[in-house]
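Welcome, and thanks for taking a look. Here is a short briefing to read alongside the structure.

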Amino acid sequence: MLIRGVLMHHLVKDLLAGNRRAAARLITLIENDDEEKRSLLKEIYPHTGKAFIIGITGAPGAGKSSLVDRLLQQIRAEGLTAGIIAVDPTSPFSGGAILGDRIRMQDHALDAGVFIRSMGTRGSLGGLSRSTREAIQVLDAFGKDIVIVETVGVGQSEVDIVKTADSTVVILTPAGGDSVQTIKAGIMEIADVFVINKADLPGAERTATEINMMLDMNGEKPWRPPVLPTVSIKGDGVDKLWEALQEHRTFLEDSGKLLDVRRQRVRRELTEQVEYLVKTRIWDEVRDTIELDSLVEKISKRQQDPYSAAGELLAKINFYKGDHGEGG
Ligand SMILES: Nc1nc2c(ncn2[C@@H]2O[C@H](COP(=O)(O)OP(=O)(O)OP(=O)(O)O)[C@@H](O)[C@H]2O)c(=O)[nH]1
Ligand SMILES: [Mg+2]
């Protein structure tokens, strides 16, 4: 394990030197919740915080990947580099296995300034939103200027994933008018920019109007999300989207909100780590020192209740060992 640890240490060095294979390996280790994961992330962390993170969410087939593909052209044309994480919570596949995304973005596959990775539910025992956040850190430390997270917008887990982003784009499509009524409140709240993609299809203007009406009802906010039509298969409107994202970034920076967003992210990371440490420490200790089985027996026989037993158990545990969690 020691040798393995040393080899992994090189992985971080290679990542920082711009090695793509190292980036890919590290994300795989994260997905698989490898035992070295936490010590690797610890090494990576000081090199993060530079990338601007964009979340893109929308219903299956809304055009997220084709839009990301077009955004990449825009980003690269400006001389910026980008990392893409395509998250599909419904897919068991990972490691770039979402075929559609690969095909759609294959123009960028040979571009050293672009790194594309898919993540599914396989592995990621710590939860997909956590492993996504960790993968973002890898790409951030890798030196990508922009990290884009594409996720299918169907439920809470996607909202959680997107909460990691600095700016969030919600993609809608014209769907006969009733689409807006069915937008989840959570999705509405997270949008910094609305995109009405497939604006070549009928009903796009009406959808945009409805979104704008909903935004009107929200009252005055320091940032009003623009509602932008795009045709991602042709690239129409993508320049406007990129402009809007840059305006939002400027707004975040000038208003101090970027620091707020990032502080919230740090708070979540810290809370997660404390909970993780406490949990693992407790069970390590319980395994080593406390006769859990006999306690279970006692409770089963109603000689004790689980409520007081849990309290007593916790009182016996010295779960802070002062090694600052290097282990993993
Ligand atoms: N007419 C029209 N079709 C589009 C447009 N954008 C995307 N499509 C089509 O919509 C389908 C889905 O596009 P994707 O970019 O894969 O959408 P996605 O949201 O990434 O899909 P998932 O990742 O599977 O949820 C493809 O067949 C695209 O060709 C558009 O602007 N107009
Ligand atoms: Mg896609």
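The points below cover a helix pair, a metal site and a few loop residues.

This is a predicted model, so please read each point with that in mind. A magnesium ion (ligand 2) has Ser65 and Glu150 as its protein donors, helices H2 and H3 cross at roughly 135°, and lysine 198 and arginine 302 each have a positive phi.

**Helices H2 and H3**

- Helix H2 covers residues 20–31 and helix H3 residues 37–44, and their axes come within 10 Å of each other.
- The crossing angle is roughly 135°, and the two helices are therefore oblique to each other.
- The crossing in which H2 passes H3 is left-handed.
- On the H2 side the contact is made by Leu26, Leu29 and Ile30, and on the H3 side by Lys37, Leu40, Leu41 and Ile44.
- By residue type, this contact has 6 nonpolar members, no polar ones and 1 charged.

**The magnesium site**

- The OG atom of Ser65 and an OE atom of Glu150 lie 2.1 to 2.3 Å from the magnesium ion (ligand 2).
- Serine 65 belongs to helix H4 (residues 64–77) and glutamate 150 to strand E4 (residues 146–152), so the pair ties together parts that are 85 residues apart in sequence.
- Both serine 65 and glutamate 150 are buried.

**Lysine 198**

- Lysine 198 sits in the loop that runs between strand E6 (193–196) and helix H9 (204–217).
- Its phi is near 60°, a positive value in a residue that is not glycine.
- For context, most residues other than glycine have a negative phi.
- With a relative accessible area of 29%, lysine 198 is partly exposed.
- Leaving aside neighbours within four places in sequence, lysine 198 is in contact with Gly61, Ala62, Thr173, Pro174 and Thr230.
- A distance of 9.8 Å separates the C-alpha atoms of lysine 198 and isoleucine 171, which are 27 residues apart along the chain.

**Arginine 302**

- Arginine 302 is in the loop between helix H12 (292–300) and helix H13 (306–316).
- Arginine 302 has a positive phi of about 60°, although it is not a glycine.
- Its relative accessibility of 70% makes arginine 302 exposed.

**Threonine 81**

- Threonine 81 is placed in the loop between H4 and strand E2 (82–87).
- Threonine 81 counts as buried because its relative accessibility is 18%, where the cut-off is under 20%.
- Apart from neighbours within four places in sequence, threonine 81 is in contact with Ile75, Arg76, Gly113, Gly143, Lys144, Asp145 and Ile146.

Notes: Residues numbered from 1 in each chain as written. Chains lettered and ligands numbered in written order. Predicted model: local features only at pLDDT ≥ 70, side-chain atom pairs only at ≥ 80, totals over all residues. Heavy atoms only, no water. Axes fitted to C-alpha atoms, helices over the stretch in contact; angles between N-to-C directions. Helix = DSSP H or I, 4+ residues; strand = E, 2+ residues; numbered from the N terminus. Parallel < 35°, antiparallel > 145°, perpendicular 65-115°, else oblique. Left-handed = near helix turned anticlockwise from the far one by under 90°. Contact = heavy atoms within 4.5 Å. Nonpolar A, V, L, I, M, F, W, Y, C, P; charged D, E, K, R; others polar. Donors = N, O, S within 2.8 Å, 3.2 Å for Na, K, Ca; no water. Buried < 20%, exposed > 50% of the residue type's maximum accessible area, 1.4 Å probe, protein only.
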